[in-house]
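Let's take a look at a protein together with the molecule it holds. Have the sequence and the 3D view ready.

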Amino acid sequence: MTKFSDLNLNPKVLKAINEAGYETPTPIQAEAIPPALEGRDVLGIAQTGTGKTASFTLPMITLLARGRARARMPRSLVLCPTRELAAQVAENFDTYTKHLKLTKALLIGGVSFKEQDAAIDRGVDVLIATPGRLLDHFERGKLILSDVKVMVVDEADRMLDMGFIPDIERIFGLTNPLTRQTLFFSATMAPEIERITNTFLSAPARIEVARQATTSENITQGVVMFKASRRDREGSEKRKLLRTLIDLECDKCTNAIIFCNRKMDVDIVAKSLKKYGYNASPIHGDLEQSHRMKTLDSFRDGSLRFLVASDVAARGLDVPNVSHVFNFDVPSHAEDYVHRIGRTGRAGRDGTAMMICVPKDEKNLAGIERLVQTEIPRLENPLKSAKSEKTKDGDTEKKFTGRTRRSSKSDSKPSEATDAAPAAQADAQTEAPAKDAPAERQSKSDNRRSNAGSNDNRGKSGDNRSSSRSSNRSRGGRDNGKTVVGLGDHLPSFIALSFEERRAG
Ligand code: AMP
């Protein structure tokens, strides 16, 4: 097996790798680093999670360790499709250059030009940029790209999706093809990507690593086939189903990314979850950069539990400990499914990926199953099964037996709660949480993890309900000792049993 020490990397880079805790190179690293160090072009067909970032940063740093940057003439350039990915690549550079004196600048939108200009003026060894912002700087006359010795295009397929290919071509044209080495990465090779690589890469070392995660055994996958009771209720009923799925996974779900296809739905789902007392925040391209960074940081440090995201915003994000991915929608590009579920089950950990599929998405689901060459296990719709719980107990679907069975035993609360919410359902716009919505339990654990007060709604609804629940009970209700509406002091024993059981689980 190849060792890092076999790869001819700079000793100071090796030291940093060692300190990062990496023991052996991943396949893309073992294969891409040697030709990159020889100065060859590299075409890496690999996705995030495979260690591809280090496969280009490590040789770049080694190559750049000697020499100095001149003002406004960066010595290397990394192009990334999104700001988040660019920031992540910059963090990688910080990690691996900690024992070297290399300078870098990050040129991304949503941040003021002033600081970026100052950094470029001083001269940088590594420039990490999104294409649009890079061209803005170029057009302002602040940047000369003819001295770029190494140029990296990361996640080219996403660049294509985002319409950046003309920008990329233009940027290639601003560099010197005779002195430029190109390291080019893409998860897939669409014809347009093939064309670009044929045009701008010279006899590249082509390295393809296996698709990540699709059939990975450490990710438990499942899909709920769901048909709304009425078309105009699809959104609110899907949100209710999502909450139920989250609640059923409650004990195992330390945190989750919830993917929606449209930005608008990202906002709606995040807002709805918050209303129900879940510690959730949205992230998508229309939000301010500083806001997006703050949200991501809080998701990384565990103070945010549910990140509701669009594909673009979450693309390439590396958060090692995501226990669950919920696909609120079936992605329309099959590859996105692979990217999405690859956010969980990282570094050999267990992960769970659940998806909701409405009838109009069945075609896309079939496309995904074709791509991953496996049938995603169908999960029983917990809302339906809750209604017929008695007759169906134990009749759970394949593969999810452990979780589904455990959950179905304790279905009473989510089903009570979700059945208790028809008023909220009818009012799809306001979507007020039901009084005993499942979020109670959720917000308790949210509370443990999060900085209280980050979500106004929680204070008003979820948290108050949650924290006062037991005292309400012993007082005989919410109304401070007055006669109780509902069950009052006469709590049927099966409710207590169910609750305790679940708490123990
Ligand atoms: P990437 O595919 O670049 O997004 O990397 C995915 C994750 O793998 C990141 O958290 C890296 O820090 C980590 N990683 C990269 N290379 C290695 C390695 N050789 N050993 C262990 N972890 C690694």
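Below we visit the ligand and then a pair of helices.

This is a predicted model, where local features need pLDDT of at least 70, side-chain atom pairs count only at pLDDT 80 or more, and totals for chains, interfaces and linings use all residues. Residues are numbered from 1 along each chain as its sequence is written, and side-chain values use heavy atoms, with hydrogens and water left out.

So who sits around the ligand?

| Residue | Its atom | Ligand atom | Distance |
|---|---|---|---|
| Tyr22 | polar side-chain atom | oxygen | 2.5 Å |
| Gln29 | side-chain N or O | nitrogen | 2.7 Å |
| Thr50 | backbone N or O | oxygen | 3.0 Å |

On its own the ligand has 500 Å² of accessible area, and the protein covers 76% of that (Shrake-Rupley method, 1.4 Å probe).

Now for the helices, which are DSSP runs (H or I) of at least four residues, numbered from the N terminus. Helix α14 (residues 334-341) packs against helix α15 (residues 362-372) at about 70°, with the axes 8 Å apart. That angle makes α14 roughly perpendicular to α15, a label for 65 to 115 degrees.

Definitions and conventions. Axes fitted to C-alpha atoms, helices over the stretch in contact; angles between N-to-C directions. Helix = DSSP H or I, 4+ residues; strand = E, 2+ residues; numbered from the N terminus. Parallel < 35°, antiparallel > 145°, perpendicular 65-115°, else oblique. Polar contact = N/O pair within 3.5 Å; in protein donor to acceptor, adjacent residues only side chain to side chain.
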